[in-house]
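Me: I would like to learn how to read aromatic contacts in a structure. Please take me through some cases.

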Number of protein chains: 2
Amino acid sequence: MNPYSNLLIYFTSQLEEFKKDLNKQPAELYQPMQYIFGLGGKHVRPLLTLVGNDLFNGKSEDAINSALAIECFHNFSLMHDDIMDVAPLRRGKQTVHQKWNHNIALLSGDGLLVVAYQTLCKSDGNHVRQLLNVFNKTGLEVCEGQQLDMNFEKRMDVKIEEYLRMISLKTGALLGCSLQMGAITANAKPVDQQHLYEFGKHIGIAFQLKDDLLDVYGEQHKVGKQIAGDIISNKKTYLLIKALESSTHEQKKTMEHWLMAKEFDTLEKIKVIKTIYEELSMHEKTNAEMNKHYQKALGHLKMVRADENKKYTLQQFADTLMNREN
Amino acid sequence: MNPYSNLLIYFTSQLEEFKKDLNKQPAELYQPMQYIFGLGGKHVRPLLTLVGNDLFNGKSEDAINSALAIECFHNFSLMHDDIMDVAPLRRGKQTVHQKWNHNIALLSGDGLLVVAYQTLCKSDGNHVRQLLNVFNKTGLEVCEGQQLDMNFEKRMDVKIEEYLRMISLKTGALLGCSLQMGAITANAKPVDQQHLYEFGKHIGIAFQLKDDLLDVYGEQHKVGKQIAGDIISNKKTYLLIKALESSTHEQKKTMEHWLMAKEFDTLEKIKVIKTIYEELSMHEKTNAEMNKHYQKALGHLKMVRADENKKYTLQQFADTLMNREN
């Protein structure tokens with residue numbers, strides 16, 4: 001049970017109105033925006049904005065433009081990431097470039113980023129500059145994270161520190177930003193904003209590590225995507241990088257063989273790599289790193305000066321994100 | 001001789017500093033931004049921002065962030081347009097996606113749009129909201145114009161009114177916006193901002209019509225690109241659309257034959273189409289439309305309440321844009 005179901009209901013109803021306003025011409029520019037909003041998702045990021053706002057007793061109406069802007073930004077980045085990853089599906093449905101074409105996905109994504117700013121600029125005049133500063137900084141960080149992620153595809157020597165920095169930029173920053181923007185609209189003090197940001201950032205890192213784990217150890221019917229897809233595609237996850245780092249000479253040679261193989265038996269590859277992960281206790285090590293960031297996050301939440309009950313609810317919500325099975 | 005050489009020198013020196021600040025990591029994200037700024041160009045748009053500011057006796061320092069943001073936006077749109085147009089060259093140099101790759105051009109363009117906003121947000125607090133409103137509106141209009149332009153590629157029945165609307169969005173809006181932002185930073189009255197915007201918009205439309213003319217009637221060594229490239233690629237220009245609209249049955253059949261032809265003798269195609277353009281006085285008709293917008297522009301400039309000498313200088317500058325040979 002989502003402790004924030006009221007905020008979620010409020011957000012989704014506002015998003016519906018927002019989508020209606022995108023009934024504009026040319027249709028090829030605006031329909032893909034409506035389409036990607038319609039693919040669902042858990043709305044974690046805009047919800048965190050409303051939660052950050054509520055934590056400091058702000059009114060949700062004051063944070064809604066920030067929440068919608070965050071949702072626009074997230075979907076803009078998904079639209080463009082899907083082009084870059086040549087992904088045919090998102091949440092089981094055709095991606096925008098697949099349903100329309102590359103140029104439309106590119107341009108509609110651009111337009112959606114402008115719409116994000118347009119929406120953010122509707123915020124109260126006392127907050128808009130602070131909001132924009134966080135939003136701009138985060139926007140660039142997400143781009144930096146995505147570029148690093150692409151760079152890692154071609155490298156075999158990625159360090160764990162580099163990986164953690166990448167997911168901090170690509171995933172952590174936007175979660176931190178979402179919460180901080182809510183804190184801003186509720187007039188929270190800068191020091192509280194900062195702790196809440198750090199809480200969100202570390203939750204984001206832990207969230208991504210959980211993602212890496214679920215790819216290998218999740219149950220297919222729950223995760224809803226191909227199990228061990230990261231292993232098949234040689235994606236540089238925490239598990240792969242850490243395993244390469246801590247493997248014996250023999251294990252490393254075996255892994256490199258499978259990473260290089262152009263043609264291979266998929267099930268055999270998964271089996272071999274998973275066996276090495278097991279020998280190296282990668283499940284436990286990734287869990288430990290995840291918990292480290294989760295604990296860091298909680299340390300920052302503790303420092304936030306706000307209602308203890310509300311903070312506890314936020315911690316419980318973070319728990320559900322960590323312990324999710326999909 | 002550019003009457004604004006001092007403003008141009010100021011802008012280019014500031015742009016150099018700005019480019020240095022983009023010496024950041026990951027290089028694959030930031031180097032393409034520096035590269036596209038380095039391709040030169042006439043800096044018409046940011047110059048217009050400084051000119052709009054000067055018209056109302058503003059200090060250039062107050063408008064420089066707007067001018068730089070406009071330059072970022074323009075280059076972001078070039079980077080993405082070049083992907084969409086599969087263009088190998090820009091100003092005689094490799095385009096970004098050609099020099100690096102598609103994903104880098106896509107992501108670096110995204111980053112550059114965020115940098116545009118980041119730069120704009122450094123503006124004085126009294127102006128930032130007004131500036132953002134114009135900038136956001138224009139950003140979406142440019143996307144709309146680009147989408148319409150792409151839609152027109154697949155249509156044979158584009159109307160002259162649709163074409164004029166498209167170039168008004170794709171080219172006119174940003175020129176109007178550039179001038180208006182300068183007016184805003186100099187605290188011009190809304191009514192004066194609006195007339196200056198309309199002046200810029202119509203100059204932009206006339207500017208694009210001049211472009212259409214130069215493609216067919218320019219001298220190759222001056223224009224610096226393939227002459228009649230628009231005819232070869234069936235680009236929907238004012239000349240082509242107007243010619244299709246006003247042609248006899250016989251002329252229309254001939255044009256459609258060449259538009260449909262998959263393989264053709266390039267020189268022969270150019271010759272035939274140019275002959276029809278001549279029969280239909282397309283040079284004169286396009287010139288007339290161009291002048292109509294130029295006159296509209298001057299009408300709006302007349303309404304702007306500002307120093308008459310400065311207005312006259314701006315008119316002369318617009319003259320040089322209209323009478324350019326490249």
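Me: Are Phe73(B) and Phe135(B) buried or exposed?

Reply: The model is a predicted one. In it, both Phe73(B) and Phe135(B) are buried.

Me: How many aromatic pairs does the structure hold?

Reply: Over all chains there are 15 aromatic pairs.

Me: Why is the pair of Tyr4(B) and Phe317(B) edge-to-face?

Reply: Planes over 60 degrees apart count as edge-to-face. The planes of Tyr4(B) and Phe317(B) stand at 75°, with ring centres 5.3 Å apart, so this pair is edge-to-face.

Me: Which parts of chain B does that pair tie together?

Reply: Tyr4(B) belongs to the segment before α1 (5-20), and Phe317(B) to helix α16 (residues 308-322), so the pair ties together parts 313 residues apart in sequence.

Me: Why does Phe317(B) count as buried?

Reply: Buried means under 20% relative accessible area. Phe317(B) has 6% relative accessibility, so Phe317(B) counts as buried. Tyr4(B) is buried too, at 7%.

Me: What is the geometry of the pair Phe73(B) and Phe135(B)?

Reply: Their pair is edge-to-face, with 5.7 Å from centre to centre and 75° between the planes. Phe73(B) is in helix α4 (residues 60-84) and Phe135(B) in helix α7 (residues 128-153), so the pair links parts of chain B that are 62 residues apart.

Me: Which residues form one aromatic cluster with them?

Reply: The cluster includes Phe76(B) and Tyr117(B), along with Phe73(A), Phe76(A), Tyr117(A) and Phe135(A).

Me: Where does the charged end of Lys99(B) sit?

Reply: It sits over the ring of Trp100(B), 5.6 Å from the ring's centre. Lys269(B) lies over the face of Phe264(B), 4.2 Å from the ring centre.

Notes. Residues numbered from 1 in each chain as written. Chains lettered and ligands numbered in written order. Predicted model: local features only at pLDDT ≥ 70, side-chain atom pairs only at ≥ 80, totals over all residues. Heavy atoms only, no water. Phe/Tyr/Trp six-rings, centres within 6.5 Å; stacked < 30°, edge-to-face > 60°. Helix = DSSP H or I, 4+ residues; strand = E, 2+ residues; numbered from the N terminus. Buried < 20%, exposed > 50% of the residue type's maximum accessible area, 1.4 Å probe, protein only. Lys NZ or Arg CZ within 6 Å of the ring centre and 35° of its normal.
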